[in-house]
Amino acid sequence: MTGFGDTTSPEPSLGRYPATRLRRPRRHAWSRRMVAEASLSPSDLIWPLFVHDGDAAIDIPTMPGVQRLPIGGVVEAARRAVDLGIPAIALFPVTDPALKTDDGREAVREDNLICRTLSAVRDAGLDLGLITDVALDPYTAHGHDGLLDADGYVVNDATVEVLCRQAVNQAKAGCQVVAPSDMMDGRVGLIRAALDAARFEDVLIMSYAAKYASAFYGPFRDAVGSSGALRGDKRTYQMDPANGGEALREVAMDVAEGADWVIVKPGLPYLDVCARVKAALGVPTFAYQVSGEYAMLAMAAAAGALDRRAAVMESLLAFKRGGCDGVWTYFAPEAAGWLASGEG
């Protein structure tokens with residue numbers, strides 16, 4: 001048995017039993033807090049919200065507890081976010097199917113749903129960050145993030161031209177952050193140039209730099225009404241779940257093109273990617289705890305298989321431990337409330 005004073009091992013040691021007992025600092029709650037390596041606060045959270053052009057909130061069955069909100073409901077949620085200390089919300093539109101076209105032209109209309117929602121929240125005078133999604137899938141009849149050629153392939157450069165117009169349109173309506181989620185090559189640099197040319201130099205780009213072709217997006221597509229419309233899949237532009245090193249290249253390219261912050265999506269299944277991105281590049285890195293992750297935890301808790309608060313807070317803390325600066329999560333208001341009450 002190896003003990004204190006044994007110097008036969010060639011490997012360096014930070015202490016040995018019995019002189020070193022790593023359980024000692026775990027004995028008390030106060031001592032655990034003193035040496036915690038990661039911490040979570042409401043300012044680490046971004047709250048994604050779904051907005052629809054109706055008068056009442058609508059439940060989303062595959063995301064129990066999450067709703068499609070009318071514009072007025074988004075304004076109320078924004079006020080709640082400020083009260084809870086959540087620094088930003090991210091908006092996703094539920095577009096009327098009658099407005100969806102193959103070219104997604106609704107994305108660039110100046111009074112579309114997102115633009116009207118941005119204006120309403122801005123008019124409320126809240127000290128709150130507004131993040132908008134830059135992609136065409138909420139607006140296309142085929143459900144893809146870009147334009148299709150005659151063979152059904154998502155074309156890159158023509159799509160980016162529309163994304164630039166979409167980003168400028170959202171900036172005019174009052175967003176402070178645009179978040180390109182399309183995964184087209186070169187779009188960050190061209191969006192940056194388009195924003196700057198339109199005198200929106202201060203609008204940040206929060207790029208979905210490593211967005212995977214994941215099975216965890218299903219409930220989100222239900223929420224925005226694109227699941228039934230999608231023709232085929234998105235594997236020709238979203239990343240292969242098998243690849244980690246490729247994510248570093250994607251992030252490095254986006255940063256070189258002008259991304260201020262980057263996102264890894266989904267979250268927990270790609271926590272290794274979050275850690276690698278932060279360690280390799282040191283840029284502000286966020287994870288998106290996506291709809292499928294939310295649904296699994298919410299439904300497991302509803303079935304009595306998990307303690308909702310404990311499981312949610314553990315999952316969010318894992319992102320901070322993995323190097324993330326913040327987390328997009330549908331649990332944001334609950335988590336912020338638990339933290340405020342000391343239950344976090």
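Which residue stands opposite Trp328 in E10? In this predicted model, that place is taken by Tyr288. Let's start from this pair and look at the strands around it.

Strand E10 covers residues 326–329, and every one of them is buried. Gly326 and Trp328 point to one side of the strand, while Val327 and Thr329 point the other way.

E10 has two partners to find. Strand E9, residues 285–289, runs parallel to E10 and is joined to it by 4 bridges. Strand E1, residues 45–52, also pairs with E10 in the parallel sense, over 2 bridges. Here Trp328 turns up again, as the bridge partner of Ile46.

Now turn to the empty spaces. Rolling a probe the size of a water molecule over the atoms shows where such space is left. The largest pocket holds about 400 Å³ of space. Helix H10, residues 308–321, gives the most to its lining, with 5 residues. Among the residues that line this pocket are Met313, Glu314 and Arg321, along with Ser39, Leu40, Leu339 and Gly344. By class, the lining has 7 nonpolar, 2 polar and 3 charged residues.

The second largest pocket contains about 310 Å³ of space. Its lining includes Leu22, Pro25, Arg26, Arg32 and Arg33. Sorted by class, this lining has 5 nonpolar and 4 charged residues, with no polar ones.

Note on methods:
Residues numbered from 1 in each chain as written. Predicted model: local features only at pLDDT ≥ 70, side-chain atom pairs only at ≥ 80, totals over all residues. Heavy atoms only, no water. 1 Å grid on protein atoms, 1.4 Å probe; cavity = no way out; pocket = protein on both sides within 12 Å on 5 of 7 lines; lining within 4 Å. Points joined across faces, edges and corners; volume = space filled by probe spheres on them. Nonpolar A, V, L, I, M, F, W, Y, C, P; charged D, E, K, R; others polar. Buried < 20%, exposed > 50% of the residue type's maximum accessible area, 1.4 Å probe, protein only. Pairing = 2+ DSSP bridges.
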